[in-house]
Amino acid sequence: AAAAPPQRTAVDTHCPYCALQCGMGLRPGGPGAVPEVVEREAFPVNRGALCGKGRTAAAVLDPRLRLTGPLVRRDGELVPAGWDEALDRAAEGLARTRAAHGPDAVGVFGGGGLTNEKAYALGKFARVALSTSQIDYNGRFCMSSAAAAHQRAFGLDRGLPFPLEDVARTGCVILVGSNLAETMPPALRYLRELRENGGKLIVIDPRRTRTAEQADLHLAPRPGTDLALALGMLHLVVAEGRVDEEFVTERTAGWPEARSAAMAHWPELVERITGVPLPAVREAVDMFCGAETGMVLTARGPEQQSKGTDTVGAWINFCLATGRAGRPLSGYGCLTGQGNGQGGREHGQKADQLPGYRKLVDPAARAHVAGVWGVDPESLPGPGRSAYELLDALGGEVRSLLLMGSNPVVSAPRAAHVAERFAALDFLVVADVVLSETAAMADVVLPVTQWAEETGTTTNLEGRVILRRKAVDPPEGVRSDLHVLHGLARRMGREKGFPIDPEEVFEELRRASAGGPADYSGISYRRITEEDGVFWPCPDEGHPGTRRLFLERFATEDGRARFVPVTHRPAAEEPDEEYPVFLTTGRVVAQYQSGAQTRRVAELNAAAPGPFVELHPRLAERIGVAEGEAVAVTSRRGRAVAPARVTRDIRQDTVFMPFHWPGEGRANTLTNPALDPTSRMPEFKVCAVRVEAADGP
Ligand code: SF4
């Protein structure tokens, strides 16, 4: 790898964590010193602002907090090993399974935090070096419902079809199941500017979050009922003659069926299902339709449900019927979560997709990508299992696994069961920065470089492809994920096709994506540097990139957006006598995902030291717990214990737990892996639990 710049000037790069991908500068420290994060005001998305995770991001570069050499399991213990031994063992273990049980007995699990280059190389490695169909990634747990609904309605999935700056200039934003104040605080500025410009903000969330506090109107539906709420609002739009008939006629298809479905959800029924008073629903419709332009933005709340695709679809129908899509300053968008939540799904680590966001079952797509890879299209495997189904098959049909950039033992639903599946594997290889809870179960652990130690692109939630630049050298003994894939592929007889240099991989990715829905062929490292990011699709070097999609036509064959009729259905698990309370899960600002990195940062740990159970004072009184006392939360999948946080900012029938921690406070011990039939998204956001006082966490 290239040496880091010798000077102490700050290198322009991006935060390693969430999908906002804030610009920052990183000034290398002296020998042995941790580098310093500095503001980078010129980057337009965050204009220098960072949350606590971004400000402390350099801490995780400290060699004392992470892995600095490979580990192999010997006599049941993970012990230090050299790279050659570790890679030999890893390659032999995977090859052994393949020889004994066939290629599909080897699985690959990736992550939405991997750079575009790594996601691309991992997908190629699975399909070319391992010949397995069994690859998926943790982004399936993040945005797959929104992606499926996007595809269905617009023919193309890009999280936001417009830049974030448009959010500040629209007339009204409905934010559904998104708590920006905790997930990406610098983005709050767009909502603040929206309101300063006279626009309105409606927040839909079962909790009165710090984001909801800033809204003009907050609706708090019962968990899992946002679909009914969207239908009820659409019903009112129709009943009050507020449909944009001209837009519907000229730009859409399928309205009669969607209209009928919405009309079956009359307002009083919706009030009963959601628990949101009818006057508040009317007020929301008045507010949204009273503005000239408007947006609906969703996040994990409506998406992480067993009906997530239809729930997002209901909000898209609402946008289409009101003419708030495919027009300036209007539209539906999804706020992705992980650092490369957008790019991570475009380049082939998803079970059903090839680079360029192509469908794996499309013969033309297979021929194109196989041509770039120099292999026979017939040799490419078909679609594999989705993320949870893949994890559920570990130790069964899938006997060995290569895991990169994910920690499913904490972050997957029904986590205790998932941990059992990992324990049942014949062989596990994990490439990670730290010894995560999942890495600790591996047979071979390969320590890899992280954000500031390597160069690579990510694609932020706007579809803006950006470049994280190398600013410091990694500790000795650490190699890049690309290096790992190169080493494994070579040991499997693939001398060529897996370069170590990220720019070389990106150049191949450009060719593989050419002509596909997510066309990167006009994007280069040079352009990204000069233009502070380039929006895809960008089909040639003279193309300016596409900041706003769908203004002329949608990406369907006939250019029309599709209404899809959807109807309310209950969550897979509703409260009953035995489990009478809803559980919903989410994030806190000081931790990220499974916490594998952020739990190691002292400042972040001090701010958010452990899990908690948020509950209403009435519920707390009923079960006899006070603030800080231990609460046991039990679902059909297991039991978690954490201190009570008593607040009136949550519904009386619901408790909330953040999911960043392992151990007895692990929220995902409780969550339900019921899957959305289209996106295969598990129902993280709603399940039924019993809460009671515990003896102590
Ligand atoms: Fe990093 Fe996201 Fe925080 Fe920005 S908002 S500093 S990208 S974690």
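What follows is a chat about the labels and the values behind them.

Modeller: First, the ground rules. Residues are numbered from 1 along each chain as its sequence is written. This is a predicted model, so local features need pLDDT of at least 70 and side-chain atom pairs count only at pLDDT 80 or more, while totals for chains, interfaces and linings use all residues.

Biologist: Fine. What makes Leu 234 buried or exposed?

Modeller: A residue is buried if 20 or more other C-beta atoms lie within 10 Å of its own, exposed if 12 or fewer, and partly exposed in between, with C-beta atoms placed from the backbone. Leu 234 has 29 C-beta neighbours inside 10 Å, so it counts as buried.

Biologist: Where does Leu 234 lie, and what does it touch?

Modeller: Leu 234 lies in helix H7 (residues 226-239). Helices (H or I, at least four residues) and strands (E, at least two) are DSSP runs, numbered from the N terminus. Not counting residues up to four places away in sequence, Leu 234 touches Ala 262, Asn 317, Phe 318 and Ala 321. Contact here means that the C-beta atoms of two residues, placed from the backbone, lie within 7 Å.

Biologist: Then what is Val 38 called, and why?

Modeller: Val 38 has 15 other C-beta atoms within 10 Å, so it is partly exposed. Val 38 is in strand E3 (residues 36-38). Leaving aside neighbours within four places in sequence, its contacts are Ala 10, Met 24, Gly 25 and Arg 27.

Biologist: Why is Asp 75 put in its exposure class?

Modeller: Asp 75 has 5 other C-beta atoms within 10 Å, so it is exposed. Asp 75 also has a positive phi of about 50° although it is not a glycine. Its place is the loop between strand E4 (71-74) and strand E5 (77-80).

Biologist: And what about Leu 329?

Modeller: Leu 329 has a positive phi of about 60°, and it is not a glycine either. It is found in the loop between helix H13 (308-321) and strand E13 (331-334). With 19 C-beta neighbours inside 10 Å, Leu 329 counts as partly exposed.

Biologist: How do you know which residues of H10 share a side?

Modeller: In helix H10 (residues 267-274), Val 270, Ile 273 and Thr 274 are buried. They cover an arc of only 80° around the axis, which puts them on the same side of H10. The arc is that of the directions from the helix axis to the C-beta atoms. Glu 268 and Arg 272 are exposed on the other side of H10. The cover over the buried residues of H10 includes H7 and helix H11 (278-290). Just after H10, Gly 275 takes a positive phi of about 80°.

Biologist: What makes you say that the buried residues of H17 line one face?

Modeller: In helix H17 (residues 415-423), the buried residues are Ala 415, Val 418, Ala 419, Arg 421 and Phe 422. Seen down the axis of H17, they fall within an arc of 155°, so they line one face of the helix. They pack against helix H15 (387-392), helix H16 (408-411) and strand E17 (427-432).

Biologist: Which strands does E12 pair with, and in what sense?

Modeller: Two strands pair if DSSP finds at least two bridges between them. Strand E8 (residues 172-176) and E12 have four bridges, in the parallel sense. E12 and E13 also pair in the parallel sense over four bridges. Val 296 in E12 is the bridge partner of Ile 174, and Gly 333 in E13 is that of Leu 297.

Biologist: Which way do the residues of E12 point?

Modeller: Met 295 and Leu 297 point one way from strand E12 (residues 295-298), Val 296 and Thr 298 the other way, and all are buried. In a regular strand the side chains alternate between the two faces of the sheet.

Biologist: Last one: how do you know where the ligand lies?

Modeller: Domain 1 (11-65) and domain 3 (144-334) both give residues to the shell around the ligand, so it lies between them. The domain bounds come from an automatic or database domain assignment. The ligand is surrounded by 14 residues, the closest being Cys 15, Cys 18, Cys 22, Cys 51 and Gly 54. Near means that a residue's C-beta atom, placed from the backbone, lies within 6 Å of the molecule.
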